[in-house]
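Welcome! Work through these exercises with the model open beside you, and try each task before you read its solution.

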Amino acid sequence: MEKKTRQMKRELFGASVEKTTLNPIKLGQVLVRAGRIKAEDLEKALREQGASKKRIGEILIEKGFIKPEELTHGLNVQSMFTTSGISTGLSFGSVLEGRNAQACEGKKAGTKSQVPIRSHLAILYQLSSIILSRADIKAGYIILENVSRIAIKSNNKKGCMIVFNGLKWPFKEAHAFGLANDVHITPEGASVQQPYKKNTQNVELSYRFILSDTARAGRHPWPLSIALQPL
């Protein structure tokens with residue numbers, strides 16, 4: 001059992017920074033390295049995930065290991081490392097605080113300090129599931145209005161990037177409305193640039209989901225994650 005646990009830890013966290021850099025970083029790695037959860041708590045959640053098929057973030061919240069806002073921030077950081085190619089050698093703490101990677105590197109090199117870029121996205125409300133009726137299946141799509149409410153805050157005058165991921169069966173594509181521009185979301189994901197505003201932006205999102213030809217009526221888990229990626 002002890003040997004299996006050690007092996008699990010090596011698979012979760014990698015033998016070195018080089019190994020982690022070569023592979024997509026996992027949400028569990030982000031939360032553990034940032035000190036938000038213990039490795040033992042992550043192992044418990046992963047075991048339950050294998051049996052329940054729930055998302056790891058949902059399990060961590062249900063067990064009280066993290067708060068919803070900590071999950072949101074962790075997803076933001078995961079997206080930054082995954083989509084921006086940021087080196088995992090950077091301090092997780094600095095990224096969680098929203099500091100720009102170039103500012104961190106400039107400080108190390110002894111250059112003039114810059115005002116840190118701080119960006120944050122909080123999910124204030126999110127529909128947990130989608131119920132498809134036979135009428136929806138026949139129509140081939142479903143429209144959901146004002147089912148996500150997010151708060152965006154960034155001091156970057158260039159704005160920020162809102163990233164959508166996770167779309168899967170029974171939905172083959174989706175359109176999101178409410179941001180600066182409408183977003184066409186595919187199973188590969190999508191992103192849209194949101195312009196800078198001095199104050200916190202509270203945004204309500206509506207969606208039009210296009211159904212797969214094999215979609216069935218019934219309740220389906222919410223299929224999208226929303227994260228923020230600083231520019």
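**Exercise 1. A pair of strands**

In which sense do E3 and E8 pair, and over how many bridges?

*Solution.* Residues are numbered from 1 along each chain as its sequence is written, and side-chain values use heavy atoms, with hydrogens and water left out.

Step 1: recall the terms. Strands (E, at least two residues) and helices (H or I, at least four) are DSSP runs, numbered from the N terminus. Two strands pair if DSSP finds at least two bridges between them.

Step 2: look at the two strands. E3 and E8 are joined by 9 bridges and pair in the antiparallel sense. As one example, Ile142 stands opposite Phe209 in E8.

Step 3: widen the view. These strands belong to an open sheet of 5 strands, with the order E1-E3-E8-E5-E6 and antiparallel pairing. E1 (119–126) and E6 are its edge strands, since each pairs on one side only. From one strand to the next, the twist averages 30°; the strand axes behind such angles are lines fitted to C-alpha atoms, and angles run from 0 to 180 degrees between N-to-C directions.

**Exercise 2. The nonpolar core**

Which residues of the largest nonpolar core touch the most other members?

*Solution.* Step 1: a nonpolar core is a set of buried Ala, Val, Leu, Ile, Met, Phe, Trp, Tyr and Cys residues joined through side-chain atoms within 4.5 Å.

Step 1: the largest core has 30 residues, and those touching the most other members are Ile152, Ile162, Phe164, Leu179, Ile185, Tyr207 and Phe209. Among the strands that each supply at least two residues of this core are E3, E4, E8 and E10. A second, separate core has 11 residues, including Leu31, Ala45, Ile59 and Leu60.

Step 2: zoom in on Ile162. Leaving aside neighbours within four places in sequence, Ile162 is in contact (heavy atoms within 4.5 Å) with residues including Leu121, Ile152, Leu179, Val192 and Leu228.

**Exercise 3. Helix H4 and its surroundings**

How far does H4 reach from its first C-alpha to its last?

*Solution.* Step 1: H4 (residues 39–52) has 14 residues and reaches 20 Å, close to the 20 Å expected at 1.5 Å a residue. The expected span is 1.5 Å times one less than the number of residues.

Step 1: sort the residues. In H4, Ala39, Asp41, Leu42, Glu43 and Ala45 are buried. Lys44, also found in H4, is partly exposed, with a relative accessible area of 44%.

Step 2: look just past the helix. Lys53 follows H4 and has a positive phi, near 65°.

**Exercise 4. Backbone details and confidence**

Where is the place of Pro170, and where is pLDDT below 50?

*Solution.* Step 1: Pro170 is in the loop between E4 and E5. The peptide bond from Trp169 to Pro170 is cis, with omega near 10°.

Step 1: pLDDT is the predictor's confidence in each residue, from 0 to 100. The protein averages 78, and 73% of the residues score at least 70. Over residues 8–23 the pLDDT is below 50, and over residues 83–109 it stays under 50.

Step 2: draw the lesson. Where pLDDT is low, the predicted coordinates should not be read in detail.

Conventions
Predicted model: local features only at pLDDT ≥ 70, side-chain atom pairs only at ≥ 80, totals over all residues. Buried < 20%, exposed > 50% of the residue type's maximum accessible area, 1.4 Å probe, protein only.
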